[in-house]
Amino acid sequence: MRLFISTIVAAAALVAAKKPHCFPYGTATLPKDLSKSNVPLKDWWCPKSMAYGFQGFSYPMAYYDCAAPQNGFEYMRDDFARMKRDFGASIVRMYYPVCMNESVFENAIRAGVANDMVVIFQVWTNFGVGNDWQQSQQAIYNVLSSETFGPLAPYVMDGGGDQFVADLGKFRAVMNAHGIPAGISEDWDRPGRMSGDNGTGLGPVGVGVRANSDYVHAHIMPYYLSSNPTVAQAWPYISEQIAWLARNVRLPTMITESQWAWAPHPWHSGASDVVYFFKRYKIGWFIHTWLDEATFDMVFQNGSYVIPDWRPRNC
């Protein structure tokens with residue numbers, strides 16, 4: 001009898017631990033021939049309730065030469081594989097892809113498929129200078145209208161970002177028509193613009209951005225504050241901003257930019273101990289960045305990791 005009861009308990013534990021058949025946090029996988037899944041899109045994505053804790057990396061794409069190896073499929077495929085194997089990443093956030101050809105986005109989709117990972121597209125805005133953003137945006141549109149990648153993209157892409165408010169609304173309409181959410185990646189702690197005066201409520205730009213967004217991809221960056229916060233002050237600021245977003249924006253939220261470290265410190269090895277806070281608020285977060293952003297990088301130029309033998313905790 002004791003053995004029988006133990007067997008039942010063990011079986012129940014296995015059932016409880018079984019992952020749902022969904023993407024990207026469950027057991028669903030993408031066909032490797034670049035065809036779309038036969039699962040209806042409405043049943044494909046894991047619920048937002050699972051989208052908390054560590055998600056992946058910002059992936060700088062700073063090579064203007066579209067033929068550079070860093071813009072190629074094999075290079076991205078191998079980087080994505082390391083992110084997943086060594087850190088448990090599920091999503092790659094393309095960060096300012098300065099190549100304005102659809103090939104870079106097609107290669108990112110192919111690399112995502114090869115590793116069963118999500119890719120977030122981003123329009124290269126050139127920080128508001130010139131019309132580069134229009135060319136970059138058109139490259140994304142070309143991918144969505146292609147016979148090969150158009151049907152597949154909604155199964156791999158989870159979001160795309162564009163300019164402020166009127167252009168964001170137009171971009172969102174195109175993305176939504178393909179079943180893809182849209183928004184911007186931005187710092188909401190901008191009193192009088194994104195947030196209201198003294199940080200109370202939404203500012204005029206924030207109101208427009210919220211109305212034209214499906215999600216919040218927040219830059220919560222204590223190291224940019226004029227008060228020059230210490231390491232000990234960084235997490236209280238981040239947690240306060242998360243609570244502010246929950247009160248005022250009330251959209252699915254991920255922290256897409258917040259530097260993983262503010263100074264050399266042994267605390268880095270426990271930096272994901274706040275995982276239960278992220279679970280409570282259903283907040284995902286990214287490490288900014290993978291490589292090519294100098295002191296923000298998790299990867300040295302020689303390929304080794306800045307924090308060796310470390311993997312963000314999830315629960």
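1. The model under discussion is a predicted one.

2. On that basis, strand E1 (53–60) and helix H3 (73–87) each supply at least two residues of the lining of the largest cavity. The lining is made up of Tyr59, Pro60, Met61, Tyr63, Gln70, Asn71, Tyr75, Asp79, Trp290, Leu291 and Asp292, and by residue class it divides into seven nonpolar, two polar and two charged. The space in this cavity comes to about 90 Å³, and a search of the whole structure finds one cavity of 30 Å³ or more.

3. The largest nonpolar core holds 82 residues, of which Phe80, Met83, Ile109, Phe121, Met175, Trp188 and Trp290 touch the most other members. Leaving aside residues up to four places away in sequence, Phe80 touches Tyr59, Val92, Ala108, Ala111, Gly112, Asn115, Met117 and Val119. Another core, of five residues, lies apart from the largest one and includes Tyr95, Val98, Met100 and Trp124.

4. Trp133 belongs to helix H5 (residues 132–145). Its relative accessibility is 11%, and because buried means under 20%, Trp133 counts as buried. Between the C-alpha atoms of Trp133 and Val98, which are 35 residues apart along the chain, the separation is 9.6 Å.

5. Ser195 sits in the loop that runs between strand E5 (185–186) and helix H8 (204–211), and with a relative accessibility of 1% Ser195 counts as buried. When residues up to four places away in sequence are not counted, Ser195 touches Trp188, Asp189, Arg190, Gly201, Leu202, Gly203 and Trp244. Of these contacts, Trp188 is also listed among the core members that touch the most others, while Trp244 is one of the buried residues of helix H9.

6. Helix H9 (residues 231–248) has 18 residues, and the distance from its first C-alpha to its last is 27 Å, close to the 26 Å expected at 1.5 Å a residue. Its buried residues are Ala234, Tyr237, Ile238, Ser239, Gln241, Ile242, Ala243, Trp244, Leu245 and Asn248, and these pack against H8, strand E6 (216–219), strand E7 (253–257), helix H10 (275–281) and strand E8 (283–287). After H9 comes Arg250, whose phi is positive, near 55 degrees.

Notes:
Residues are numbered from 1 along each chain as its sequence is written. This is a predicted model: local features need pLDDT of at least 70, side-chain atom pairs count only at pLDDT 80 or more; totals for chains, interfaces and linings use all residues. Side-chain values use heavy atoms; hydrogens and water are left out. A nonpolar core is a set of buried Ala, Val, Leu, Ile, Met, Phe, Trp, Tyr and Cys residues joined through side-chain atoms within 4.5 Å. Buried means under 20% relative accessible area, exposed over 50%, partly exposed in between (1.4 Å probe, protein chains only). Contact means heavy atoms within 4.5 Å. Helices (H or I, at least four residues) and strands (E, at least two) are DSSP runs, numbered from the N terminus. On a 1 Å grid over the protein atoms alone, a cavity is a set of points where a 1.4 Å probe fits but cannot get out, and a pocket is an open set with protein on both sides within 12 Å along at least five of seven lines; lining residues have an atom within 4 Å of a point. Grid points are joined across faces, edges and corners, and a volume is the space filled by probe spheres set on the points. Ala, Val, Leu, Ile, Met, Phe, Trp, Tyr, Cys and Pro count as nonpolar, Asp, Glu, Lys and Arg as charged, and the others, Gly among them, as polar. The expected span of a helix is 1.5 Å times one less than its number of residues.
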